[in-house]
2 protein chains.
Amino acid sequence: MKKIICIPDSFKGTLSSAQVCNIMEEAIHCHFPLCDVVKIEVADGGEGSVDAFLAAVGGKKITVTVNNPYFEAIESFYGILDGNVAVIEMAAAAGLPLVSGRPNPLETTTFGVGELILDAAKRGCKQIIVGLGGSSTNDGGCGAASAIGVRFLNSQGQVFVPKGKSLIDIADIDLSGIDPMFNDIEIITMCDIDNPMYGPKGAAHIFAPQKGANPDMVILLDEGLCHLASVIQKHLKLDVSTIPGGGAAGGMGSGMVAFFNSRLQMGIETILDLVEFDHLIEGADLIFTGEGKIDSQSIQGKVPIGVAKRAKRAKVDVIAVVGTIGSDIEAVYDLGITAIFSINPEPVPFEIAKLKSKENLALTMDNIVRLLSIKPQK
Amino acid sequence: MKKIICIPDSFKGTLSSAQVCNIMEEAIHCHFPLCDVVKIEVADGGEGSVDAFLAAVGGKKITVTVNNPYFEAIESFYGILDGNVAVIEMAAAAGLPLVSGRPNPLETTTFGVGELILDAAKRGCKQIIVGLGGSSTNDGGCGAASAIGVRFLNSQGQVFVPKGKSLIDIADIDLSGIDPMFNDIEIITMCDIDNPMYGPKGAAHIFAPQKGANPDMVILLDEGLCHLASVIQKHLKLDVSTIPGGGAAGGMGSGMVAFFNSRLQMGIETILDLVEFDHLIEGADLIFTGEGKIDSQSIQGKVPIGVAKRAKRAKVDVIAVVGTIGSDIEAVYDLGITAIFSINPEPVPFEIAKLKSKENLALTMDNIVRLLSIKPQK
């Protein structure tokens with residue numbers, strides 16, 4: 001074993017991607033001390049994504065004063081990766097922890113996220129990656145759009161910054177105020193869910209309750225997003241109502257498409273592109289990936305599957321190490337996973353098992369690498 | 001992969017050794033259809049051992065009428081393996097199910113076990129393997145000894161067949177009545193525990209309660225075995241008091257040594273000898289073994305360890321597949337286990353996990369074999 005790549009997702013609720021990377025590396029070096037281990041932290045666009053990208057690719061962290069979800073000045077941040085690519089996690093300006101004690105998706109805005117994007121653009125970044133996730137907002141991205149010059153007008157022709165409760169008041173949208181520099185900037189939105197903008201599976205019904213919305217508020221928010229979609233359709237000639245992921249981050253998925261001319265992309269695809277994964281795996285003997293739970297039901301957006309698809313093209317084997325192997329996983333092998341191992345050394349409930357996640361992962365990795373050390377077969 | 005040997009212990013309470021063998025074979029053949037898979041069922045000396053040996057080695061089953069634990073005639077059985085080796089499981093003549101509803105280790109005898117041994121001897125078997133385990137008795141093997149001609153005398157010089165309650169009455173032992181044909185017969189006793197004949201860790205204190213003894217009976221039984229040891233010491237000039245395993249099957253371990261000139265041997269060693277394991281593994285690419293739980297605490301007598309020790313000498317890799325990986329297993333690798341995998345795809349308690357033992361083992365084996373299918377490494 002001369003070169004092994006470790007690119008695991010986090011084990012939700014127990015281990016970060018960085019922790020998994022380190023445990024994998026240690027096990028590999030224990031048995032193949034000279035092996036070149038390439039660790040790639042995986043971010044999902046939510047909190048911690050900027051740090052993960054900076055760790056995986058290198059770059060610097062920028063701090064900026066922007067508006068928080070209640071239009072109060074806060075110090076926020078984003079990353080500029082080597083290669084002049086900006087990475088923004090929306091949670092840094094519109095995250096739920098920022099409204100701790102007063103969550104209310106009727107009143108909160110993504111304005112600060114737009115300010116981060118604008119700052120990156122002004123610094124000359126030609127590619128801006130925006131990670132959705134962990135938001136406190138349900139404004140369809142209208143706040144962020146306002147920050148870069150999009151004008152939302154009410155029926156009296158007055159410009160305003162729509163929030164969750166006032167989406168319903170939008171009568172017209174004017175994109176002409178967007179700085180022309182954005183014409184040369186590619187904006188990519190990382191989004192790992194496929195919920196649509198509105199409706200029973202939409203942003204409000206599925207995610208607003210965890211942002212503090214009661215049932216009545218959910219209905220208002222859903223109607224607001226529905227109205228926004230129709231205004232976008234009417235004035236921008238764009239149907240964002242059915243985009244998978246349009247409902248991410250309180251409808252910001254659709255807003256990124258409509259106002260930022262962005263494409264929505266799975267987090268793992270974004271990372272694989274950024275690290276030039278196809279190039280990276282040339283000469284690799286093996287790839288380790290992993291996640292909390294692998295199954296065939298939710299292949300969409302999964303880190304191991306994203307990794308496996310590219311590895312398969314390059315004919316590199318992929319071993320997935322997971323907390324739980326779900327049922328009906330046959331499809332996973334077809335997509336390029338060579339073998340899957342779960343980390344449970346004993347049959348105990350998750351509440352007990354999670355206390356030993358590190359040890360359990362280390363033990364499993366150790367045994368897999370021991371097996372790989374077997375002399376080449378006759 | 002041209003030749004793989006499967007030699008797993010049972011997964012206690014969930015899967016028999018035969019079931020594990022079959023699941024292993026199926027997984028191997030799924031990915032290496034032309035591989036020669038050698039399956040060796042492992043017996044521990046208890047119920048099912050005769051069938052397991054017959055399956056592993058070949059031979060025929062003999063039925064014989066003997067005395068049950070209450071001196072009632074029953075149809076019992078043993079096996080004669082190819083090569084004229086008899087295999088007896090004592091449970092077939094003195095097992096706990098034979099006294100169902102009336103267990104009482106003060107009153108039960110191993111006489112029938114002696115009759116099975118005698119029958120095998122009369123048929124010309126030159127090696128007789130006696131599996132201890134699952135007994136209802138605590139007679140120190142005196143019943144079995146009586147059946148082959150050993151005479152136990154009380155203080156009045158009267159011959160009697162000692163039972164648990166009357167061990168204390170033995171004043172003398174006379175071996176002269178044993179048929180001389182036994183001089184040419186090797187008797188091997190399979191025994192996987194190391195409890196001594198008597199004392200706090202002895203047969204009565206540790207095992208008699210599960211044979212129906214109350215605390216008072218336990219004390220009587222323990223005193224009986226202690227007395228038997230002293231009589232053996234006095235008249236046969238043999239110290240059986242500290243033999244590891246002497247306390248197996250109600251002290252029958254010690255009785256086999258004293259009256260049958262037998263040696264006690266771990267079940268796995270017996271099986272490995274019988275199947276000529278050292279010869280069998282020549283040319284093997286790999287060995288699969290397994291058990292319910294592997295750990296360093298109880299290495300003694302463990303199937304995977306017995307297998308690994310011999311495999312290590314022959315430089316063949318051993319993969320252990322287990323229900324539970326215990327703590328502190330480093331020693332296991334030193335003894336010859338290459339890698340260990342547990343079969344738990346998810347963190348759930350044993351009560352739930354055990355319902356899916358077959359599927360879980362099959363899944364784990366499938367992934368191990370998938371990993372083995374990886375192209376030979378550079």
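## Chain interface and helix packing

In this predicted model, the side chains of Arg370(A) and Glu330(B) form a salt bridge with an N to O distance of 3.3 Å; the term stands for a side-chain nitrogen of Lys or Arg within 4 Å of a carboxyl oxygen of Asp or Glu. Local features need pLDDT of at least 70 and side-chain atom pairs pLDDT 80 or more, whereas totals for chains, interfaces and linings use all residues. Residues are numbered from 1 along each chain as written, chains are lettered from A in the order written, and side-chain values use heavy atoms, without hydrogens and water.

| Item | Value |
|---|---|
| Residues of chain A in contact with chain B (heavy atoms within 4.5 Å) | 38 residues |
| Residues of chain B in contact with chain A | 37 residues |
| Salt bridges between chain A and chain B | two |
| Area buried between chain A and chain B (accessible area lost, 1.4 Å probe, summed over both) | about 3,400 Å² |

Carbon and sulfur atoms give 55% of that buried area. On the side of chain A that touches chain B, α14(A) supplies the largest share, seven residues. By class, this side has 22 nonpolar, seven polar and nine charged residues.

Within chain A, the axes of helix α7 (residues 215–236) and helix α8 (residues 248–260) come within 11 Å and cross at roughly 5°. That makes α7(A) roughly parallel to α8(A), a term for angles under 35 degrees. Leu225(A), Leu228(A), Ile232(A) and Leu236(A) of α7(A) make the contact with Gly250(A), Gly251(A), Ala258(A) and Phe259(A) of α8(A). This contact has six nonpolar, two polar and no charged residues, with Gly counted as polar.

Terms used. Axes fitted to C-alpha atoms, helices over the stretch in contact; angles between N-to-C directions. Helix = DSSP H or I, 4+ residues; strand = E, 2+ residues; numbered from the N terminus. Parallel < 35°, antiparallel > 145°, perpendicular 65-115°, else oblique. Buried area = accessible area lost by both parts, 1.4 Å probe.
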